[in-house]
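Please read this briefing beside the sequence and the 3D structure, which are shown next. The points that follow are grouped by topic.

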Amino acid sequence: MQCPACQFENLPGLTECARCGSSLVLDTVSVEPPRAGRLHLATNVSRVRGRMGLAVASIAAPISPMTNRVLSWLRVQIPAPVSGRALAWSLLPGFGQLMCGRRRLGQILLGVWCLCVLLAMIFVSPGWSWFFLGLAVSAHATGILAVFATQLVFERILSRLLFGLVIYVVLMLVVYVPTTDLLATTIARPVQLNDIISTPALQRGDVILLTGSLFHDNQYKRGDVVAYLIPNVGGNGVVVNAGLSVDRIIGVPGDTVVINADAILVNGTPLPANQLPLGGRLYRADLTWQLGPDEYCILPSLLALHINPTARGASNMARDLLRDVGCVRLNEIQAPAWIRVRPWSRFGRLE
Amino acid sequence: MTGRFSNLEFEHGREQTQDALGQQQDELVTDFLARATAAYHLGEFEEALRFYTRALKEDRQLIPAWIGQVQMLIELDECHEARVWAQRAEELFRGHGDLLAVQAQAIARLNDPKSALALSDAAMQAAGDMPLRWTARGEVMLARGVRYAAECFDNALNHPAATWFEGVVIARVCQYYSRATLALRYAQIALREMSTAPFAWLVAGECEAALGSLASARTNFDHALELRPNWPLAIAARQQAEHSGIWRRLFRRLRLRR
C-alpha cells in the first residue's frame, strides 16, 4: 500500500504510513469542508484577535531592545558582587552604603530612617508608633536590598518582591520587635487609656508613658501614680472588668487605711488632698484595710464599677468587692505612670 | 448446492471488473479535477470547491483536491475554515509541503504572520518543490510587511511547473494586501501568457481601478466581457468603475500610498 503523501510502499494492513505517519485508511474520512456563515464570524474574530496580537507586538518591539539596553548599562554600572563588609554594615540602616562608597544613598537612607524613628517617638501611641516604625523598617530593608542590587536587578519582579518581603519580615521579627520590647521594658512604654471615666487628671483616650525598669526599683510610696492589673471580679449587681488601671497609691505595706463617710484615714491621719485618688473621693463605705507586706491600697477611682442599686444586697456586695480590689499586691503593680504624652495640649507629668 | 459455490473466487473475472471500475474512477476523478481547475480559472470559486469535493469523494488520496479545497476556501474569504481544513488535511498527509503552504496562507490572512512564517518554513523544507510554496512564501512576506515578497513571487513564476494562472493567483494575493501595483504587474504577466483568460482581464482591471486608472480598468473589463459575455462579476466591476467618484479615487490613491 503506497502512501499518498510520501510514496512509501507500506505493508498491507497498516493504517498509517510507517515513514511519514500519514493516514492510509481514508475511506471513512469526511471530504465536505466546513463552511462559514453569512457573516464569516469565525474568520473575522480570528482576524481581530490576530490584529490585536500584532498591535501588542508592535508596541513591545521597541520596548524590548530598550529594556535590554538598560539592563546592559546596569551590568556595566554595578559590576561588583555583594561584599560581606557592606552586608555586615547594612545591619545599621544606611551604613552599608556609607561605608562602601555610595555615600549619597547611605545618607538618604539613614536620614529617612532617623526621621521615621523620630516621628514614631513624637507621635507616641500604640498605633502611630508602629506605623512610623514600619516605615523605618522599610528604609532599613531598602538599604539591605540596595546591597543586593547587582544580583536582584536581573531577577524577575516577583522574585525581587518576595526577596524584599523576606528581608522586611526578618528585620521586623529579629531586630525591631525584640528591640522595641526591650526599650518598652527598660525605658518607657506608651499606654492608651480607653476604659476609664474621664477626670481632670486623666481622660478617656489619653496616652501615658509608663516608666521602664531602669528608672524604678519597685519601691513605691504614698501618692505615687501607678499602673496596675485588676482582676475580673463581680457578683450580684457589681462587675469589675479585668485590665490595666491607673490610680494613686493611698496606702503602703504596714499602713492601716480606714474609709468612712467623712474622710480617708491612713494610720489615723486624714489623707492630704494631693494624695487622694485621681478620680476624687468616690467611696464612702465603712472599710478598713490592714496592709500586710507587699500589699498596697489603691482605690480604683477611674473605673466604671457597674453597681446596680436595685439588686438585693448590692451595697454589701460593692463593699466586699472594693475590699478585694482596693488591696493590690506588689506583683500586680506594673510601673509608675510617668507623663501624659497625648493629647499634646495636656502634655505633662502625672502627679 | 449452489450456495456451496457462491464464495468461490474467479480471479480473472474479478480483476477485469476491478480494472474497469478503477479506470472509470480515474476518468471521473480526472474529469472532476479538470472541471474544478477550469472553474478556478474562471473565478468561480464555489463551483470549483464543489468539483474538488466530488473528486475527493471518488479518491480521498487526491492531494491536489485537498489543496484546491483549501485554496477555494481562502478565495471565498473563509480563512478560519480554510485553516481548520488545511490542518485536517495535513493530519492525513503529514508534512506535505503544499498543504503546509496553503495552511500558511490561511493563517497569514488571519493576521498571524509569525505562525504563518513557521509553516511556510516547514513547507519550504518539505520534500518536493512546487510554485505554490513560493507563492505562499511571498504572501507570508507581504503579511509580515517585509521585502522579498516580489522575489518569492518571481520564483513561483519561474518555476518549471508554473502555468499562466500562477500570475493571476499572485495578483490576487497582492490585491488582498492592497499592493495594486505589484498585483497589476503579475496580472499583466499572466495576460501576456494567456490573453484569452477572462479572469486575468478581470483581475487586471480591478488592479487598474484600484490604482485609479479607470479608463484602463474599463477597457480590461470590456475585454473580459468580450471573452465571457454577460459575466456578472465583470459587469459589476465595470459598473463600479464607471460610478467611481473623485473622492473614492482620491481615497484609493491615498490608501495605496502606504
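Strands (E, at least two residues) and helices (H or I, at least four residues) are DSSP runs numbered from the N terminus, and two strands pair if DSSP finds at least two bridges between them. This is a predicted model, in which local features need pLDDT of at least 70 and side-chain atom pairs count only at pLDDT 80 or more, while totals for chains, interfaces and linings use all residues. Residues are numbered from 1 along each chain as its sequence is written, and chains are lettered from A in the order in which they are written.

**Sheet in chain A**
- Four strands of chain A form an open sheet with antiparallel pairing, in the order β9-β8-β7-β10.
- Because β9 (269–270) and β10 (287–290) of chain A stand at the edges with a single partner strand each, one side of each is left without a neighbour in the sheet.
- Strand β8 (residues 264–266) of chain A runs antiparallel to β9(A) and is joined to it by two bridges, with Val266(A) standing opposite Thr269(A) in β9(A).

**Helix pair in chain B**
- The axes of helix α4 (residues 63–75) and helix α5 (residues 79–92) of chain B come within 8 Å and cross at roughly 165 degrees, where axes are lines fitted to C-alpha atoms over the stretch in contact and angles run from 0 to 180 degrees between N-to-C directions.
- That makes α4(B) roughly antiparallel to α5(B), a term for angles over 145 degrees.

**Contact between the chains**
- Chain A and chain B each contribute 23 residues to the contact, which counts residues whose C-beta atoms, placed from the backbone, lie within 7 Å.

Methods:
Parallel < 35°, antiparallel > 145°, perpendicular 65-115°, else oblique. Contact = placed C-beta atoms within 7 Å.
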